[in-house]
Amino acid sequence: MIRFEDVSVTYDGASEPTIQGVDFEVPEGELVLLVGPSGVGKSTLLGTVSGLVPHFTGGTLRGRVTVAGRDTRTHKPRELADVVGTVGQDPLSHFVTDTVEDELAYGMESLGLAPEVMRRRVEETLDLLGLAALRDRPIATLSGGQQQRVAIGSVLTPHPQVLVLDEPTSALDPAAAEEVLAVLQRLVHDLGTTVLMAEHRLERVIQYADQVTLMPSPGAPPRLGSPAEMMAVSPVYPPVVALGRLASWSPLPLTVRDARRRAGALRDQLAQPAGSRAAGAAPVPKRGGTRQAPVSATPPTPAPPRRWRRTLRKPTTPSATPPTVAETHSLSVRRAQVQALRDVTLSITPGETIALMGRNGAGKSTLLNTLVGLVPPTTGTVLTTGVPPHRTAPPDLVRRVGLVPQEPRDLLYADTVAAECAAADRDAQAETGTCRALVTQLLPGIQDDTHPRDLSEGQRLTLALAVVLTARPPLLLLDEPTRGLDYAAKTRLVTLLRDLAAEGHAIVLATHDVELAAELAHRVVLLAEGEVIADGPTAEVVVSSPSFAPQVTKILAPQEWLTVAQVREALT
Amino acid sequence: MASRGRPALHPGAWWLWALGLGTAATRTTNPLLLALLVATSAYVVATCRQRAPWSRSYSAFLKLALAVLVIRLFFAVALGSPIPGTHVIVTLPEVPLPHWAQGIRLGGRVTAESLVFALYDGLKLATLLICVGAANALANPSRLLKSLPGALYEAGVAIVVALTFAPNLIADVQRLRAARRLRGRPDRGVRGLLQVGLPVLEGALERSVALAAAMDARGYGRTAEVPPAVRRTTAALTLGGLLGVCAGTYGLLTAAGGTYGLPLLLAGLAAALAGLRLGGRRSLRTRYRPDRWDARAWLVAGSGGAVAALLTLASTSDPEALHPGVVPLVAPALPLWPAAAVLIGLLPSFVAPKESS
């Protein structure tokens with residue numbers, strides 16, 4: 001269906017081709033997953049299928065890409081619109097009209113389909129994607145998962161033979177991601193659509209893939225093979241594969257179900273007395289009486305376990321109140337007739353890492369923004385290092401609390417890394433060179449004259465983090481830090497944040513990434529519709545939730561393990 | 001949401017209705033009639049509008065109308081008014097102006113007559129604005145786009161996309177000013193706004209490029225093959241037609257060209273329309289569920305037209321009642337049959353599809 005013949009793409013002004021030696025064929029009716037670290041040219045490869053590369057982006061394409069027999073060299077994107085449907089990373093930049101029904105019809109109108117055909121297909125697509133109840137809704141009022149489904153639906157209505165998706169689930173919460181993936185699977189199975197998709201969150205998608213195209217490193221030619229085969233050699237892999245590699249299972253399991261079937265021996269081995277376990281392990285205080293198995297997971301941090309306290313409902317910890325970095329008391333926030341937060345009481349102690357989880361729109365970002373003073377509380381109080389953040393002058397506040405926003409680029413204004421660092425030193429009234437030293441430490445090998453825009457997603461996040469850390473705030477907040485990061489960048493981030501926590505920084509991260517929460521957080525706070533619905537040690541909160549449990553937990557249940565690192569430590 | 005079982009009314013009908021009320025407003029200065037017009041539009045908006053982002057524009061127009069009224073009154077107080085009046089309310093200190101500024105007055109006597117005159121005048125303009133606001137709130141601007149001829153559609157989409165640029169830009173400015181605060185810089189003041197300027201423009205440009213890519217990939221701008229003869233005829237008709245319209249307008253406006261002006265204008269118009277129609281052949285587009293001009297649309301548009309026609313008639317037959325005097329001051333009376341005519345404007349709230357709960 002899609003045939004790449006010795007394709008290479010060189011962008012204007014670049015000395016090296018972004019992708020080269022691409023030579024494979026995607027058969028009809030298969031779901032092919034594009035896997036590789038960030039910066040290997042996955043988006044470029046996807047762009048060549050719809051013809052946007054090079055017709056829209058510029059650059060030189062050598063070789064030949066044919067889609068359903070049409071050569072993309074002679075066909076512009078608009079002339080491929082009836083065979084290829086493309087959904088980019090941000091669904092919002094994809095919408096042309098303003099209601100769901102019109103958006104579904106837009107592509108068909110451009111192709112000039114007959115009105116009766118359009119009407120029928122819109123109805124079919126509304127049913128297929130479960131959007132019937134939303135048909136008249138303005139798109140701006142939909143949640144992230146709904147928008148992603150509308151975006152997919154809008155390219156489905158012209159009945160393309162090929163669907164190209166760039167990170168369709170990265171911005172979604174686990175439940176919404178499953179919704180979208182279920183739809184894709186249905187398309188492949190029932191309609192025979194060919195799907196080519198790139199995604200970093202492999203733990204979500206690998207089980208749906210028929211084949212995997214691995215792009216191991218920049219410039220290396222991609223390889224096509226079965227998922228298990230490719231995962232055995234891939235530099236990026238989900239936790240289930242990591243566990244499989246650790247236990248030397250062959251063939252590698254790709255789903256939690258497969259892994260559970262093989263995990264009997266591993267579970268027995270792990271159930272042995274804790275004497276062989278890592279020495280630093282300390283039991284997490286046990287709460288509630290719902291679990292049978294003893295808690296075997298520990299916060300995976302070299303820092304001594306901190307006392308945590310739950311002030312919601314029943315404060316039961318008997319010890320003296322520890323000093324808090326920040327606290328909120330019956331905090332409520334209303335914005336534009338929406339109750340974003342409702343009666344949130346929370347305290348954050350030094351050295352503690354908290355993961356803030358919940359659906360898209362549950363109030364995670366609002367809570368972070370309130371802690372940093374961007375949003376004043378409607379009722380209730382919020383204190384960050386003893387002062388109300390919304391009434392504190394920014395130059396003072398920056399030394400008390402720092403937030404890395406969802407789009408780290410918002411924090412960066414300057415043309416070069418050096419100028420950015422100098423500005424950060426001035427803003428924080430820190431000694432000259434403080435920020436640059438942090439950048440060197442966190443991101444070795446970054447040149448002074450690099451433009452922040454030319455950095456990769458992970459590097460940009462780290463630069464923003466360095467800028468925020470220049471003022472040494474005791475409280476550090478991160479909003480969706482792993483969006484668009486590959487596993488290597490994520491591992492570096494985890495190490496970095498653990499060190500910061502060990503130095504006594506309190507860290508709060510809002511995230512959909514259950515694996516990240518499992519690796520990093522001592523405590524998880526679950527939000528739903530602006531209310532705190534669970535607040536406790538990571539092991540306890542995520543183990544009991546089917547959608548927030550990490551893969552390792554699911555595989556080794558009823559034993560309570562959170563990460564591959566813990567298992568590895570226990571086995572050695 | 002309105003159920004599509006009873007499809008939405010044609011947006012053109014709403015615009016005609018609103019323009020009819022607006023025309024009626026320009027025919028009178030009677031505050032009672034004007035208030036009745038505002039109440040009519042408000043009632044129809046309240047009963048017929050749908051829960052969508054564009055329907056919130058009515059309150060924005062209300063505020064704008066109020067601002068216009070206040071500014072009009074302020075000018076009447078500060079700059080004086082040519083209306084001769086005897087009821088002095090207050091005497092402001094008058095600023096002496098040099099002789100070349102004769103005829104302009106700053107401060108001085110403020111009379112009740114001049115205030116009432118300014119109020120009537122301002123109210124007229126405010127009512128007109130509110131009627132336009134009603135049309136905005138009731139008709140989705142992008143649905144109006146669907147009624148454009150095929151040849152103009154693509155240009156129309158570009159305009160609508162450009163219009164969404166401004167709200168996005170404002171959202172970007174807010175986000176980046178918040179980010180400045182995170183960097184520990186003051187987030188208020190002109191300097192703060194200037195420093196986020198470049199990143200905001202960069203972001204807006206990037207989003208526009210992404211949207212253009214998405215539209216291209218979805219088939220925007222696909223054209224059908226048309227024979228060269230048709231293409232040339234289209235160009236000739238459009239160009240010739242526009243030239244004809246220009247020459248005809250010139251002829252109508254000059255004293256000498258009274259004879260050839262009108263025929264030339266009409267011929268030019270016809271040629272231009274034919275060119276547009278022929279140009280539509282190049283476009284492959286079809287319309288998904290186009291709004292039909294049905295009986296309800298006739299009723300809604302007709303009710304607006306009737307209000308305009310009846311008030312125009314009333315203003316010629318009974319100018320006293322529609323333009324209550326200010327010198328001497330009299331209390332305005334409500335003329336009965338023009339008031340009844342205004343109430344015809346309520347018809348849409350009975351015939352138009354309502355929001356189903």
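## Helices 3 and 4 of chain B

Let's start inside chain B: helix 3 of chain B and helix 4 of chain B cross in a right-handed way. This is a predicted model, and everything below describes that model. The axes of helix 3 (residues 57–78) and helix 4 of chain B are 8 Å apart, and the two helices pack at an angle of about 165 degrees. An angle over 145 degrees counts as roughly antiparallel, so helix 3 of chain B is roughly antiparallel to helix 4 of chain B.

What kinds of residues make up the contact of helix 3 of chain B with helix 4 of chain B? By class there are 22 nonpolar, 5 polar and 2 charged residues.

## Helix 2 of chain B meets helix 4

Helix 4 of chain B, which spans residues 112–138, also packs with helix 2 of chain B. Here the axes are 10 Å apart and the angle is about 15 degrees. With that angle, helix 2 of chain B is roughly parallel to helix 4 of chain B. Their crossing is left-handed.

On the helix 2 side, the contact includes P31(B), L34(B), L37(B), V38(B) and S41(B), as well as V44(B), V45(B) and C48(B). From helix 4 of chain B, the residues they meet include Y120(B), L123(B), K124(B) and T127(B), together with I130(B), A134(B), A137(B) and L138(B). This contact of helix 2 of chain B with helix 4 of chain B divides into 13 nonpolar, 2 polar and 1 charged residues.

## Helix 2 of chain B meets helix 12

Helix 2 of chain B (residues 31–48) has another partner to look at: helix 12 of chain B, residues 336–343. The axes of these two helices come within 9 Å and cross at roughly 15 degrees. Helix 2 of chain B and helix 12 of chain B are therefore roughly parallel to each other, and their crossing is right-handed.

Which residues of helix 2 of chain B meet helix 12 of chain B? They are L33(B), L36(B), L37(B) and T40(B), and across from them in helix 12 of chain B are P338(B), A339(B), V342(B) and L343(B). This contact of helix 2 of chain B with helix 12 of chain B has 7 nonpolar residues, 1 polar residue and no charged ones.

## A321(B) and its contacts

Next, find A321(B), which sits in helix 11 (residues 319–322) of chain B. Leaving aside residues up to four places away in sequence, A321(B) touches N30(B) and P335(B). How far is A321(B) from V161(B) in sequence and in space? The two are 160 residues apart in sequence, and their C-alpha atoms are 47 Å apart.

## Where the two chains meet

Now step back to see both chains. Their contact takes 60 residues from chain A and 49 residues from chain B. Between them, the chains bury about 4,700 Å², with 53% of that on carbon and sulfur atoms. In chain B, the residues that lose the most area to chain A are R183(B), R218(B) and Y288(B), together 21% of what that side buries.

The interface of chain B and chain A also holds 7 salt bridges. In one salt bridge, the side chains of D82(A) and R222(B) meet at 3.7 Å, N to O. Over all chains, a search of the whole structure finds 30 salt bridges. D82(A) is in the loop between helix 3 (77–80) and strand 7 (84–87) of chain A, while R222(B) is in the loop between helix 7 (189–217) and helix 8 (228–253) of chain B, so this pair joins two chains.

## Backbone details in chain A

Most residues other than glycine have a negative phi, and most peptide bonds are trans. With that in mind, a few spots in chain A are worth a visit. The peptide bond from V53(A) to P54(A) is cis, with omega near 0 degrees, and P54(A) lies in helix 2 (residues 52–55) of chain A.

The bond from A557(A) to P558(A) is also cis, with omega near 5 degrees. P558(A) belongs to the loop between helix 21 (551–556) and helix 22 (564–571) of chain A. Finally, D343(A) is not a glycine, yet its phi is positive, at about 55 degrees. D343(A) is found in strand 13 (residues 338–348) of chain A.

Key: Residues are numbered from 1 along each chain as its sequence is written. Chains are lettered from A and ligands numbered from 1 in the order in which they are written. This is a predicted model: local features need pLDDT of at least 70, side-chain atom pairs count only at pLDDT 80 or more; totals for chains, interfaces and linings use all residues. Side-chain values use heavy atoms; hydrogens and water are left out. Axes are lines fitted to C-alpha atoms, for helices over the stretch in contact, and angles run from 0 to 180 degrees between N-to-C directions. Helices (H or I, at least four residues) and strands (E, at least two) are DSSP runs, numbered from the N terminus. Angles under 35 degrees count as roughly parallel, over 145 as roughly antiparallel, 65 to 115 as roughly perpendicular and the rest as oblique. A crossing is left-handed if the near helix is turned anticlockwise from the far one by less than a right angle, and right-handed if clockwise. Contact means heavy atoms within 4.5 Å. Ala, Val, Leu, Ile, Met, Phe, Trp, Tyr, Cys and Pro count as nonpolar, Asp, Glu, Lys and Arg as charged, and the others, Gly among them, as polar. Buried area is the accessible area (1.4 Å probe) that two parts lose on being put together, summed over both. A salt bridge is a side-chain nitrogen of Lys or Arg within 4 Å of a carboxyl oxygen of Asp or Glu.
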